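I opened my notebook to look up a few places in one structure. My entries follow in the order I made them.

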Amino acid sequence: MVVAMVAASMASGFRTKAMAELCCYLTVALCAFLVPSFAKLTTIEHPVKPNRSLSFLVVGDWGRKGFYNQSEVAFQMGRIGEKLKIDFVISTGDNFYDNGLTSVYDPAFRDSFTNIYTAKGLQKPWYSVLGNHDYRGNVEAQLNPILRSVDKRWICMRSFVLKTELVDIFFVDTTPFVDKYFTDPEDHTYDWKGVEPRKNYLSSLIKDLKAEMRNSTALWKFAVGHHAIKSLGHHGDTAQLIKFLLPVLKDNNVDVYMNGHDHCLEHITSMNGAMQYLTSGGGSKAWRGDLKPDDDVNHSAKFLYDGQGFMSVEMNENEAMILFYDVEGLILHQWKISKQLRSAV
(Lines give C-alpha, C1' and ligand atoms only; values in the text may rest on other atoms or scores of the structure.)
Protein backbone atom coordinates (compact mmCIF):
# COMPACT_ATOMS: atom_id res chain seq x y z
CA MET A 1 0.00 0.00 0.00
CA VAL A 2 2.81 2.37 0.93
CA VAL A 3 4.67 1.55 -2.33
CA ALA A 4 1.54 2.29 -4.35
CA MET A 5 1.05 5.63 -2.59
CA VAL A 6 4.66 6.58 -3.18
CA ALA A 7 4.60 5.60 -6.84
CA ALA A 8 1.50 7.72 -7.32
CA SER A 9 3.12 10.73 -5.68
CA MET A 10 6.22 10.35 -7.88
CA ALA A 11 4.20 9.97 -11.05
CA SER A 12 2.41 13.22 -10.33
CA GLY A 13 5.71 15.04 -10.17
CA PHE A 14 6.86 14.89 -6.53
CA ARG A 15 3.94 16.88 -5.10
CA THR A 16 5.58 17.00 -1.69
CA LYS A 17 9.10 16.21 -0.63
CA ALA A 18 7.82 14.33 2.41
CA MET A 19 5.84 11.92 0.25
CA ALA A 20 8.76 11.45 -2.12
CA GLU A 21 11.01 10.54 0.76
CA LEU A 22 8.69 7.64 1.50
CA CYS A 23 10.01 6.10 -1.71
CA CYS A 24 12.77 4.49 0.30
CA TYR A 25 10.22 1.75 0.83
CA LEU A 26 10.56 0.96 -2.85
CA THR A 27 13.82 -0.72 -1.99
CA VAL A 28 11.81 -3.61 -0.57
CA ALA A 29 9.89 -4.01 -3.79
CA LEU A 30 13.01 -3.72 -5.93
CA CYS A 31 14.71 -6.55 -4.09
CA ALA A 32 12.60 -8.93 -6.15
CA PHE A 33 14.97 -8.61 -9.13
CA LEU A 34 18.22 -8.70 -7.12
CA VAL A 35 20.02 -11.98 -6.54
CA PRO A 36 22.22 -12.39 -3.45
CA SER A 37 25.93 -12.73 -4.16
CA PHE A 38 28.83 -14.01 -2.05
CA ALA A 39 30.86 -11.03 -3.23
CA LYS A 40 29.83 -7.48 -2.43
CA LEU A 41 28.74 -6.58 -5.93
CA THR A 42 25.00 -6.60 -6.55
CA THR A 43 23.94 -9.25 -9.04
CA ILE A 44 20.96 -8.94 -11.38
CA GLU A 45 19.58 -11.78 -13.47
CA HIS A 46 18.10 -11.19 -16.90
CA PRO A 47 16.45 -13.95 -18.99
CA VAL A 48 17.51 -14.78 -22.54
CA LYS A 49 15.13 -15.33 -25.44
CA PRO A 50 13.42 -18.74 -25.84
CA ASN A 51 15.97 -19.64 -28.52
CA ARG A 52 18.80 -18.90 -26.06
CA SER A 53 19.91 -15.75 -27.81
CA LEU A 54 20.32 -12.21 -26.54
CA SER A 55 20.34 -8.78 -28.15
CA PHE A 56 20.96 -5.33 -26.73
CA LEU A 57 22.02 -1.78 -27.59
CA VAL A 58 24.93 0.19 -26.15
CA VAL A 59 25.01 4.00 -25.98
CA GLY A 60 26.94 6.52 -23.95
CA ASP A 61 27.46 10.23 -23.32
CA TRP A 62 23.89 11.13 -24.20
CA GLY A 63 22.00 13.23 -21.63
CA ARG A 64 21.56 16.65 -23.27
CA LYS A 65 17.77 17.15 -23.25
CA GLY A 66 17.53 16.11 -26.88
CA PHE A 67 20.14 18.55 -28.20
CA TYR A 68 23.29 17.73 -30.18
CA ASN A 69 21.37 15.09 -32.13
CA GLN A 70 20.47 13.13 -29.00
CA SER A 71 16.86 12.88 -30.20
CA GLU A 72 17.95 11.75 -33.66
CA VAL A 73 20.18 9.03 -32.22
CA ALA A 74 17.33 7.99 -29.92
CA PHE A 75 14.97 7.67 -32.89
CA GLN A 76 17.34 5.31 -34.70
CA MET A 77 17.94 3.35 -31.51
CA GLY A 78 14.21 2.83 -31.26
CA ARG A 79 14.03 1.60 -34.84
CA ILE A 80 16.92 -0.84 -34.45
CA GLY A 81 15.78 -1.86 -30.98
CA GLU A 82 12.39 -2.92 -32.30
CA LYS A 83 13.91 -4.66 -35.32
CA LEU A 84 16.27 -6.72 -33.14
CA LYS A 85 13.70 -7.22 -30.37
CA ILE A 86 16.34 -6.16 -27.87
CA ASP A 87 16.36 -7.45 -24.32
CA PHE A 88 17.89 -4.35 -22.72
CA VAL A 89 20.01 -1.23 -23.25
CA ILE A 90 23.43 -0.57 -21.74
CA SER A 91 24.48 2.99 -20.95
CA THR A 92 28.22 3.57 -20.69
CA GLY A 93 27.84 6.68 -18.54
CA ASP A 94 27.77 10.47 -18.68
CA ASN A 95 24.03 10.08 -18.48
CA PHE A 96 23.20 13.69 -17.58
CA TYR A 97 25.17 16.73 -18.76
CA ASP A 98 26.89 18.81 -17.74
CA ASN A 99 26.84 18.08 -14.03
CA GLY A 100 24.74 14.99 -13.36
CA LEU A 101 21.48 15.29 -11.43
CA THR A 102 20.96 17.78 -8.61
CA SER A 103 18.45 15.58 -6.78
CA VAL A 104 15.76 12.97 -7.41
CA TYR A 105 13.48 15.92 -8.28
CA ASP A 106 15.74 17.17 -11.08
CA PRO A 107 13.63 17.57 -14.25
CA ALA A 108 16.72 16.61 -16.27
CA PHE A 109 15.89 12.97 -15.60
CA ARG A 110 12.70 13.25 -17.61
CA ASP A 111 14.03 15.83 -20.07
CA SER A 112 17.13 13.81 -21.00
CA PHE A 113 15.88 10.25 -20.53
CA THR A 114 12.17 9.51 -20.17
CA ASN A 115 11.00 12.08 -22.74
CA ILE A 116 13.73 11.25 -25.26
CA TYR A 117 13.85 7.45 -25.42
CA THR A 118 10.14 7.02 -26.03
CA ALA A 119 10.17 4.44 -28.83
CA LYS A 120 8.46 1.12 -28.31
CA GLY A 121 11.70 -0.72 -29.00
CA LEU A 122 13.44 1.04 -26.10
CA GLN A 123 10.92 0.17 -23.38
CA LYS A 124 13.35 -2.28 -21.84
CA PRO A 125 15.62 -2.14 -18.78
CA TRP A 126 18.47 0.36 -19.08
CA TYR A 127 21.53 -0.91 -17.19
CA SER A 128 23.73 2.09 -16.54
CA VAL A 129 27.06 3.07 -15.01
CA LEU A 130 28.19 6.51 -13.91
CA GLY A 131 30.51 8.75 -15.91
CA ASN A 132 32.72 11.60 -14.76
CA HIS A 133 30.01 14.17 -15.56
CA ASP A 134 27.57 12.22 -13.40
CA TYR A 135 30.03 12.48 -10.52
CA ARG A 136 29.82 16.28 -10.79
CA GLY A 137 26.25 16.12 -9.55
CA ASN A 138 24.43 14.38 -6.75
CA VAL A 139 25.56 10.79 -7.28
CA GLU A 140 23.17 9.29 -4.75
CA ALA A 141 20.24 10.89 -6.57
CA GLN A 142 21.14 9.10 -9.80
CA LEU A 143 21.60 5.82 -7.94
CA ASN A 144 18.41 6.20 -5.92
CA PRO A 145 15.71 3.56 -6.65
CA ILE A 146 13.16 6.37 -6.30
CA LEU A 147 13.86 7.12 -9.94
CA ARG A 148 12.43 3.75 -10.92
CA SER A 149 9.02 4.99 -9.89
CA VAL A 150 9.46 7.83 -12.38
CA ASP A 151 10.72 5.51 -15.11
CA LYS A 152 10.83 1.79 -14.36
CA ARG A 153 13.50 1.21 -17.01
CA TRP A 154 16.22 3.01 -15.04
CA ILE A 155 18.74 0.75 -13.26
CA CYS A 156 21.94 2.52 -12.26
CA MET A 157 24.57 1.40 -9.76
CA ARG A 158 28.24 2.10 -9.20
CA SER A 159 29.41 -1.46 -9.98
CA PHE A 160 27.32 -4.60 -10.44
CA VAL A 161 27.00 -7.84 -12.38
CA LEU A 162 24.30 -8.62 -14.93
CA LYS A 163 23.93 -12.38 -15.30
CA THR A 164 22.23 -14.20 -18.16
CA GLU A 165 22.42 -17.79 -19.37
CA LEU A 166 24.81 -16.65 -22.10
CA VAL A 167 26.93 -13.85 -20.74
CA ASP A 168 27.96 -12.27 -17.46
CA ILE A 169 28.37 -8.50 -17.87
CA PHE A 170 30.50 -6.77 -15.25
CA PHE A 171 29.68 -3.08 -14.83
CA VAL A 172 32.64 -1.18 -13.36
CA ASP A 173 32.68 2.25 -11.72
CA THR A 174 35.74 3.65 -13.52
CA THR A 175 35.67 7.34 -12.58
CA PRO A 176 37.28 6.84 -9.13
CA PHE A 177 40.27 5.16 -10.83
CA VAL A 178 41.24 8.34 -12.69
CA ASP A 179 43.85 10.35 -10.77
CA LYS A 180 43.24 13.75 -12.37
CA TYR A 181 39.71 14.06 -10.97
CA PHE A 182 41.29 14.06 -7.51
CA THR A 183 44.58 15.85 -8.14
CA ASP A 184 43.50 18.42 -10.74
CA PRO A 185 39.71 18.78 -10.83
CA GLU A 186 40.01 22.23 -12.48
CA ASP A 187 36.81 24.19 -11.81
CA HIS A 188 34.70 21.08 -11.24
CA THR A 189 33.36 19.72 -7.98
CA TYR A 190 33.02 15.96 -7.69
CA ASP A 191 30.73 14.10 -5.32
CA TRP A 192 32.99 11.50 -3.71
CA LYS A 193 30.57 10.42 -1.00
CA GLY A 194 30.67 6.63 -0.93
CA VAL A 195 34.09 6.60 -2.61
CA GLU A 196 36.44 8.12 -0.05
CA PRO A 197 38.75 6.89 1.26
CA ARG A 198 39.55 6.24 -2.39
CA LYS A 199 42.29 3.66 -1.84
CA ASN A 200 39.96 1.45 0.20
CA TYR A 201 37.14 1.85 -2.31
CA LEU A 202 39.27 0.80 -5.28
CA SER A 203 40.93 -2.03 -3.40
CA SER A 204 37.54 -3.44 -2.41
CA LEU A 205 36.18 -3.03 -5.95
CA ILE A 206 39.09 -4.87 -7.55
CA LYS A 207 38.83 -7.63 -4.96
CA ASP A 208 35.10 -8.04 -5.59
CA LEU A 209 35.55 -8.02 -9.37
CA LYS A 210 38.20 -10.72 -9.15
CA ALA A 211 35.92 -12.87 -7.01
CA GLU A 212 32.88 -12.46 -9.27
CA MET A 213 34.85 -13.09 -12.45
CA ARG A 214 36.67 -16.07 -10.99
CA ASN A 215 33.38 -17.66 -9.92
CA SER A 216 31.63 -16.95 -13.20
CA THR A 217 30.74 -19.99 -15.30
CA ALA A 218 29.23 -17.98 -18.14
CA LEU A 219 30.05 -18.83 -21.76
CA TRP A 220 30.85 -15.19 -22.42
CA LYS A 221 32.23 -12.44 -20.20
CA PHE A 222 31.78 -8.76 -21.05
CA ALA A 223 32.79 -5.72 -19.01
CA VAL A 224 31.39 -2.18 -19.12
CA GLY A 225 32.92 1.03 -17.83
CA HIS A 226 32.70 4.69 -18.68
CA HIS A 227 36.37 5.29 -19.41
CA ALA A 228 38.26 3.62 -22.23
CA ILE A 229 41.09 1.22 -21.66
CA LYS A 230 42.23 1.64 -25.25
CA SER A 231 41.06 4.54 -27.43
CA LEU A 232 42.22 6.77 -30.28
CA GLY A 233 39.65 9.40 -29.37
CA HIS A 234 40.06 12.75 -27.63
CA HIS A 235 40.71 11.31 -24.15
CA GLY A 236 42.69 8.29 -25.30
CA ASP A 237 43.87 5.41 -23.13
CA THR A 238 43.21 5.51 -19.38
CA ALA A 239 46.51 4.72 -17.67
CA GLN A 240 44.97 3.76 -14.33
CA LEU A 241 42.62 1.25 -15.97
CA ILE A 242 45.50 -0.29 -17.92
CA LYS A 243 47.38 -0.68 -14.65
CA PHE A 244 44.63 -1.89 -12.33
CA LEU A 245 41.62 -3.14 -14.30
CA LEU A 246 43.03 -4.61 -17.50
CA PRO A 247 45.06 -7.35 -15.74
CA VAL A 248 41.88 -8.52 -13.99
CA LEU A 249 39.99 -8.67 -17.29
CA LYS A 250 42.79 -10.56 -19.01
CA ASP A 251 43.29 -13.02 -16.16
CA ASN A 252 39.61 -13.90 -16.30
CA ASN A 253 39.31 -14.20 -20.09
CA VAL A 254 36.92 -11.29 -20.58
CA ASP A 255 35.89 -11.21 -24.24
CA VAL A 256 34.79 -7.59 -24.65
CA TYR A 257 35.26 -4.30 -22.82
CA MET A 258 32.68 -1.61 -23.70
CA ASN A 259 32.99 2.06 -22.74
CA GLY A 260 32.00 5.62 -23.53
CA HIS A 261 33.82 8.85 -22.48
CA ASP A 262 35.28 9.51 -25.93
CA HIS A 263 32.43 10.90 -28.01
CA CYS A 264 32.93 8.57 -30.91
CA LEU A 265 32.40 5.00 -32.11
CA GLU A 266 35.41 2.74 -32.06
CA HIS A 267 36.62 -0.85 -32.28
CA ILE A 268 40.15 -1.81 -31.25
CA THR A 269 41.37 -5.38 -31.09
CA SER A 270 44.29 -6.81 -29.17
CA MET A 271 47.12 -8.25 -31.24
CA ASN A 272 48.27 -10.54 -28.42
CA GLY A 273 44.93 -11.64 -27.02
CA ALA A 274 41.26 -12.14 -27.80
CA MET A 275 39.83 -9.04 -26.08
CA GLN A 276 37.87 -6.49 -28.11
CA TYR A 277 37.74 -2.84 -26.99
CA LEU A 278 34.51 -1.14 -28.06
CA THR A 279 33.72 2.55 -27.57
CA SER A 280 30.10 3.69 -27.82
CA GLY A 281 30.12 7.30 -26.67
CA GLY A 282 28.27 8.97 -29.52
CA GLY A 283 24.86 9.42 -27.89
CA SER A 284 24.81 13.18 -28.45
CA LYS A 285 27.62 15.75 -28.77
CA ALA A 286 30.51 14.52 -30.92
CA TRP A 287 32.78 15.59 -33.81
CA ARG A 288 35.77 16.71 -31.72
CA GLY A 289 38.09 16.29 -34.70
CA ASP A 290 41.23 15.39 -32.74
CA LEU A 291 41.68 11.66 -33.23
CA LYS A 292 44.99 10.07 -32.33
CA PRO A 293 47.20 8.04 -34.73
CA ASP A 294 46.98 4.25 -34.69
CA ASP A 295 50.62 3.52 -33.78
CA ASP A 296 50.26 0.95 -30.99
CA VAL A 297 51.98 -2.24 -32.17
CA ASN A 298 50.05 -4.31 -29.59
CA HIS A 299 46.61 -3.21 -30.77
CA SER A 300 44.88 -2.62 -34.08
CA ALA A 301 42.08 -0.16 -34.75
CA LYS A 302 39.46 -1.91 -36.85
CA PHE A 303 37.05 1.01 -36.89
CA LEU A 304 36.96 4.64 -35.74
CA TYR A 305 34.19 7.15 -36.39
CA ASP A 306 34.30 10.65 -34.92
CA GLY A 307 30.56 11.15 -34.82
CA GLN A 308 27.23 10.30 -33.22
CA GLY A 309 25.69 6.87 -33.09
CA PHE A 310 25.36 3.70 -31.05
CA MET A 311 26.10 -0.02 -31.05
CA SER A 312 24.13 -3.27 -31.08
CA VAL A 313 25.10 -6.75 -29.93
CA GLU A 314 23.36 -9.97 -30.99
CA MET A 315 24.71 -13.15 -29.47
CA ASN A 316 24.15 -16.82 -28.86
CA GLU A 317 26.28 -19.63 -27.49
CA ASN A 318 28.60 -19.69 -30.49
CA GLU A 319 29.03 -16.14 -31.70
CA ALA A 320 28.45 -12.46 -31.05
CA MET A 321 27.69 -10.00 -33.84
CA ILE A 322 28.59 -6.37 -33.12
CA LEU A 323 27.29 -3.52 -35.28
CA PHE A 324 27.91 0.23 -35.11
CA TYR A 325 25.31 2.69 -36.45
CA ASP A 326 25.50 6.40 -37.22
CA VAL A 327 22.93 9.09 -36.42
CA GLU A 328 20.92 8.09 -39.50
CA GLY A 329 20.84 4.44 -38.51
CA LEU A 330 23.28 3.35 -41.24
CA ILE A 331 25.60 0.45 -40.42
CA LEU A 332 29.18 1.72 -40.32
CA HIS A 333 31.02 -1.35 -39.07
CA GLN A 334 30.29 -4.93 -38.10
CA TRP A 335 32.37 -7.62 -36.46
CA LYS A 336 31.63 -11.22 -35.56
CA ILE A 337 33.35 -12.97 -32.69
CA SER A 338 33.36 -16.76 -32.72
CA LYS A 339 33.37 -18.23 -29.26
CA GLN A 340 34.41 -21.65 -30.51
CA LEU A 341 37.54 -20.31 -32.19
CA ARG A 342 38.14 -17.34 -29.86
CA SER A 343 38.79 -15.34 -33.02
CA ALA A 344 37.00 -12.81 -35.19
CA VAL A 345 36.01 -13.20 -38.82
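Which residues line the largest cavity? I found Gly233, His234, Asp262, His263, Cys264, Arg288, Leu291 and Asp306 there.

**Ground rules**

I am working with a predicted model, where local features need pLDDT of at least 70, side-chain atom pairs count only at pLDDT 80 or more, and totals for chains, interfaces and linings use all residues. Residues are numbered from 1 along each chain as its sequence is written, and side-chain values use heavy atoms, with hydrogens and water left out.

**Entry: the cavity**

I searched the whole structure and got one cavity of 30 Å³ or more. Rolling a probe the size of a water molecule over the atoms shows where empty space is left. I noted the terms: on a 1 Å grid over the protein atoms alone, a cavity is a set of points where a 1.4 Å probe fits but cannot get out, while a pocket is an open set with protein on both sides within 12 Å along at least five of seven lines. Lining residues have an atom within 4 Å of a point. Grid points are joined across faces, edges and corners, and a volume is the space filled by probe spheres set on the points.

The largest cavity holds about 40 Å³ of space. I sorted its lining by class and got two nonpolar, three polar and three charged residues. Here Ala, Val, Leu, Ile, Met, Phe, Trp, Tyr, Cys and Pro count as nonpolar, Asp, Glu, Lys and Arg as charged, and the others, Gly among them, as polar.

**Entry: the first annotation**

I turned to the UniProt record. Its unreviewed entry gives a "binding site" covering Asp61, Asp94, Tyr97 and His263. They span 203 residues in sequence, yet no two of their C-alpha atoms are more than 13.1 Å apart, so they gather at one spot. Of these residues, His263 is included in the lining of the largest cavity. UniProt positions are given in the numbering used here, feature names are shortened, and annotations may be inferred rather than shown by experiment.

**Entry: aspartate 61**

I located aspartate 61 in the loop between strand S3 (54-59) and helix H4 (70-84). Helices (H or I, at least four residues) and strands (E, at least two) are DSSP runs, numbered from the N terminus. Is aspartate 61 buried or exposed? It counts as buried, at 0% relative accessibility. Buried means under 20% relative accessible area, exposed over 50%, and partly exposed in between (1.4 Å probe, protein chains only).

I listed its contacts (heavy atoms within 4.5 Å). Not counting residues up to four places away in sequence, aspartate 61 touches residues including Asp94, Tyr97, His226, His261 and His263. A polar atom of the aspartate 61 side chain lies 2.9 Å from the backbone nitrogen of histidine 261. A polar contact is a pair of N or O atoms within 3.5 Å; within protein, one must be able to donate a hydrogen and the other to accept it, and residues adjacent in sequence count only if both atoms are side-chain atoms.

**Entry: aspartate 94**

Aspartate 94 sits in the loop between strand S4 (88-91) and helix H5 (108-114). I read a relative accessible area of 1%, and aspartate 94 is buried. Its side chain joins that of tyrosine 97 in a polar contact of 3.2 Å. The side chain of aspartate 94 also reaches the backbone nitrogen of asparagine 132, at 3.2 Å.

**Entry: the second annotation**

UniProt, again in an unreviewed entry, places a "binding site" at Asp94, Asn132, His226 and His261. They span 168 residues in sequence, yet no two of their C-alpha atoms are more than 8.3 Å apart, so they gather at one spot. Of these residues, Asp94, Asn132 and His261 are in the lining of the second largest pocket.

**Entry: the second largest pocket**

I noted a volume of about 240 Å³ for the second largest pocket. How many residues line the second largest pocket? I counted 17, of which Asn132, Arg136, Lys180, Tyr181 and His235 lie nearest its centre. By class, the lining has four nonpolar, six polar and seven charged residues.

**Entry: asparagine 132**

I placed asparagine 132 in the loop between strand S5 (126-128) and helix H6 (139-143). Asparagine 132 counts as buried, at 4% relative accessibility. Leaving aside neighbours within four places in sequence, asparagine 132 is in contact with Asp94, Thr175, Tyr181, Tyr190, His226, His227 and His261.
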